[in-house]
Amino acid sequence: TQSENVFIGYRAGLSNVTNQNIFIGANAGLANSIGQANLFVGYFAGGGNVSGGNNTFLGHLAGRFNTGNTNSFVGSFAGHSNFGGSSNTYVGYSSGYTGSSGTDNTFVGDSAGYFNNGSNNIFVGAGTGYSNTTGSSNVLLGDRAGYANGTGNNNVFIGRNAGFNEIASARLYIDSCSDANPFNCTTPLIYGEFDNRVVTIDGALTMVTVATPSDIRYKKDIHPLESSLHKVLQLQGVSYTWNKDEVKGKGYKDGRQIGLIAQEVEKILPELVQTGRDGYKTLSYDKLAPVFVEAVKEQQAKIEQQQSVIIFHQKELKDKDARIEKLEKALALIEKRLASIEQPVRTIASK
């Protein structure tokens, strides 16, 4: 027996044979027969829902073809073609429009997650995740963030047009790109790869403290550095300006810079150089510190060795000076004795 239902509007709840539903609007809940505890407000809101329960659809054609449960669709065409997907929250015009089977998604914004079939996604902003079809566990915040990403998983894109062109998985984009053509938004302020544990910052970074894991328990196969001084002496420091007509990125500053050339360092200390996915090389300047430490120690050892040689020669000279002084004193004494002998001889000769 039907009870506790409220139907207002032309053919609202026309096929209903169950309880606790509220359908308001022409054709709202039109096909619902056994779905319970639904609230459909708007023209054809939940019109194709037959058995789905505990749904809330507010808006023109919201949840039009829904068959899932525990969904909340707010806005015209929100969740329009949701077939089987459950526990979704779509807020905004055409948000989650053609998604059919995705679950546990939250979309907020005009056309957010328009083609979505993935699950466990959070899209906030107009056009966020627009092309997502099967990608899951993505967090996209900002107008058209992750717009073209169709199948990527575990991405985090934050900011307007952040990751607009990215189609891979496990990527991080933080940016705010206002370019009239969002396909030009390819150099985010912060880019990262969760799977490879790398982060690239396209700009200046100021930090109070930087700490690098160095505990011996992190390390194995430890060997002391050798020939560090020789390697340092081969490095060539240079001054330069950024080739801003060719380099990718917006964080390169004007004016002369000071540094090393990665390709040159790679020949001497390859452990310090990495090659990015774009083929450009980067240099870990912080790892030069241990090389400089050992170079200074080698230089100090050479200095101390030279000082030892100098001290040895100084001692030899001092000993020679002492012997010469002794000889000079002996010679003076001899001369004095000769003089004392010569005086009586001259006296006798004069007589």
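This is a predicted model: local features need pLDDT of at least 70, side-chain atom pairs count only at pLDDT 80 or more; totals for chains, interfaces and linings use all residues.
User: What is the volume of the second largest pocket?
Analyst: The volume of the second largest pocket is about 220 Å³.

User: Which residues line it?
Analyst: The lining of the second largest pocket consists of K219, I222, H223, P224, L225, P290 and E294.

User: And how does that lining divide by class?
Analyst: The second largest pocket is lined by four nonpolar residues, two charged residues and one polar residue.

User: Turning to the backbone, what is phi for A37?
Analyst: A37 is not a glycine, yet its phi is positive, at about 55 degrees.

User: Where does A37 lie?
Analyst: A37 belongs to the loop that connects β2 (22-24) and β3 (39-41). Its relative accessibility is 29%, so A37 counts as partly exposed.

User: What about phi of S111?
Analyst: S111, also a residue other than glycine, has a positive phi near 65 degrees. S111 is located in the loop between β7 (106-108) and β8 (122-124).

User: Is S111 buried or exposed?
Analyst: S111 counts as buried, because its relative accessibility is 13% and the cut-off for buried is under 20%.

User: A change of topic: where is H80?
Analyst: H80 sits in the loop between β5 (72-74) and β6 (89-91). With a relative accessible area of 9%, H80 is buried.

User: Which residues does H80 touch?
Analyst: Leaving aside residues up to four places away in sequence, H80 touches L61, G63, R64, F65, N66, G96 and Y97.

Technical notes: Residues are numbered from 1 along each chain as its sequence is written. Side-chain values use heavy atoms; hydrogens and water are left out. On a 1 Å grid over the protein atoms alone, a cavity is a set of points where a 1.4 Å probe fits but cannot get out, and a pocket is an open set with protein on both sides within 12 Å along at least five of seven lines; lining residues have an atom within 4 Å of a point. Grid points are joined across faces, edges and corners, and a volume is the space filled by probe spheres set on the points. Ala, Val, Leu, Ile, Met, Phe, Trp, Tyr, Cys and Pro count as nonpolar, Asp, Glu, Lys and Arg as charged, and the others, Gly among them, as polar. Helices (H or I, at least four residues) and strands (E, at least two) are DSSP runs, numbered from the N terminus. Buried means under 20% relative accessible area, exposed over 50%, partly exposed in between (1.4 Å probe, protein chains only). Contact means heavy atoms within 4.5 Å.
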